[in-house]
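Work through the exercises below with the structure open. Each task is followed by a stepwise solution.

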Amino acid sequence: MAILVIAEHDNQSLKAGTLNTVTAAGKVGGEVHLLVAGHNCGAVADAAKAVAGVAKVLVADSAQYAHGLAENLAALVVDLAKNYSHVLSPAGTSGKNFLPRVAALLDVAQISDIVAVESADTFVRPVYAGNVLATVQSVDSIKVITVRTTAFEAAALGGSANVDSIGAAAEAQLSSFISQELTKSDRPELGAAKVIVSGGRALGSEEQFKAIIEPLADKLGAAVGASRAAVDAGYAPNDYQVGQTGKVVAPQLYVAVGISGAIQHLAGMKDSKVIVAINKDEEAPIFQVADYGIVGDLFTVVPELIQALGNN
Amino acid sequence: MKVLVAVKRVVDYNVKVRVKADGTGVDIANVKMSMNPFDEIAVEEAVRLKEAGKVSEVVAVSLGVKQCEETLRTALAMGADRAIHVETDAELQPLAVAKLLKAVAEKEQPQLMILGKQAIDDDANQTGQMVAALLGWGQGTFASKVDLAAETVDVTREVDGGLETVKLRLPAVVTTDLRLNEPRYVKLPNIMAAKKKPLDKLTVEALGVDVTPRLKTLKVAEPAKRSAGIKVANAAELVAKLKNEAKVL
């Protein structure tokens, strides 16, 4: 049977996590179809058909899918799912929102946040903030899965899948979109960045967070992240949060500035290739996972680091 | 308006769990258990809605072993009016929980159901969405603001790019994110008063729900440990290491 992957997008561009999810689908084995449900989303469909390993792109273009409302999206996917053995979505806030709805309506379990595919019915997923890895086997006829995108490589581009237009499902009429406030940034997307600079509560204020973290991120071409404590204190917006219940990242280089390293934060970044910690507390737990640590006052060390990077 | 709040008993967030030596599960004997932190936020939100005069009754519900009573007493001490315990020793996975909550909702007829967005033990992030689907209700997940009116609720949601606000027709399901509120500290008199509040018992059988697990856990293991690296003296040394040793610059 074929596998259905639900593309994550904003009607203009295909989100990077979709490529990693296609790779996970490929490991299950079977023909991979990619669903683009949106409104005026032709550019996304064009990007989707170029993803290597995708046999067919299904496009549902309708005003009711413009903002990815879970109730409407789930109804569409439930109708399609009966023709598939697996339904996969990236484990971003979109997939986490609509996919459990799909699973419940199909009367099947969802397997959340998988990090490995053992076989067509057996998967590995983290529990307890990533301190435990559980290998689980599904007994359901359709496997509904969200994918931790950092655990899989991105699929290559260069494919040329067929594109089929499909009709919309009946609108659920349970919810409507009111507004959005998106964080504007020219920096790379947190989930896909090669380098991330994250700040913690030790930054002390929103102004200092910006004044210290942003120049270092600019110097490194990095995305900016934050600990829960920094977000709760209002130093950084919510979508910067890295951790168990925020974003899970795995960049080549993660620089933790003034972050003590609670297990909930480590859950979101400990798969980074190289971790650097800057903290004045020598005993901070972050040093137990850091490859390189500097014990010192971040307000001195970070400007020195920016200067040292400038000399290279 | 009645609000139903679901609360789960989980290993306390400060406990670092250990895998059993035979790899069959996680050792939770003799570890501290608490209310799931996101569910505390859910109870707090429901109680604040009552204090604001928008809600007339807050009913807390928990599913699972006998000791869930303690979790429900905490919810009552925070300000819930009464509690329902669906007592069972069976393993309950999110789909089964959603079916049980649906059955409870059909008896109680709430206009709003508030749940934590995820439990910090299985990290599934499914139950609220599933119960909304089964009831045919709208859902406002990962809420950082809830604005309740007579027939609708506006929910501001924490999403990957920032914030998004949706309007839901009531009845509806809301799941809480971290920034929705800061749960109150429960004082001793409230704990004493909570002991007198009603706590009703229900069974899985009486609710007529098949809770058979759909996922079989074959094994659990600890992930590969990261070993601590080295401390460097200054920024210049760090840059040299990142460049020449780690080769990430």
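Two strands count as paired if DSSP finds at least two bridges between them. The model used here is predicted.

**Exercise 1. Find how strand β7 of chain B is joined to β13(B), and name the residue opposite B:Ile84.**

Step 1. Take β7(B), residues 82-87. Four bridges join this strand to β13(B). The cut-off is at least two bridges.
Step 2. Read the direction. The two strands run parallel.
Step 3. Look across from B:Ile84. B:Asp200 of β13(B) stands opposite.

**Exercise 2. Trace the open sheet that contains these strands, and give its edge strands.**

Step 1. Follow the order: β11(A)-β11(B)-β10(B)-β9(B)-β12(B)-β8(B)-β1(B)-β6(B)-β7(B)-β13(B). That makes ten strands, with mixed pairing.
Step 2. Identify the edges. They are β11 of chain A and β13 (199-202) of chain B, each pairing on one side only.
Step 3. With direction ignored, it is 35° on average.

**Exercise 3. Characterise the side of chain B that touches chain A.**

Step 1. Count the residues. Chain B brings 66 residues into contact with 74 of chain A.
Step 2. List the contributors. Elements giving two or more residues include α3 (94-108), α4 (127-135), β14 (215-221) and α7 (235-244) of chain B. The largest share, eight residues, comes from β11(B).
Step 3. Sort the residues on this side of chain B. There are 32 nonpolar, 15 polar and 19 charged.

**Exercise 4. Classify the packing of α8(A) against α7(B).**

Step 1. Packed helices are described by the angle between their axes and the distance between the axes.
Step 2. Apply them. α8(A), residues 298-310, packs on α7(B) at about 50°, with the axes 8 Å apart.
Step 3. Classify. The helices are therefore oblique to each other. The crossing is right-handed.
Step 4. Name the contact residues. α8(A) supplies A:Val301, A:Glu304, A:Leu305, A:Ala308 and A:Leu309. α7(B) supplies B:Ala235, B:Ala236, B:Leu238 and B:Val239.
Step 5. Sort them: eight nonpolar, no polar and one charged.

Conventions. Residues numbered from 1 in each chain as written. Chains lettered and ligands numbered in written order. Predicted model: local features only at pLDDT ≥ 70, side-chain atom pairs only at ≥ 80, totals over all residues. Contact = placed C-beta atoms within 7 Å. Nonpolar A, V, L, I, M, F, W, Y, C, P; charged D, E, K, R; others polar. Axes fitted to C-alpha atoms, helices over the stretch in contact; angles between N-to-C directions. Parallel < 35°, antiparallel > 145°, perpendicular 65-115°, else oblique. Left-handed = near helix turned anticlockwise from the far one by under 90°.
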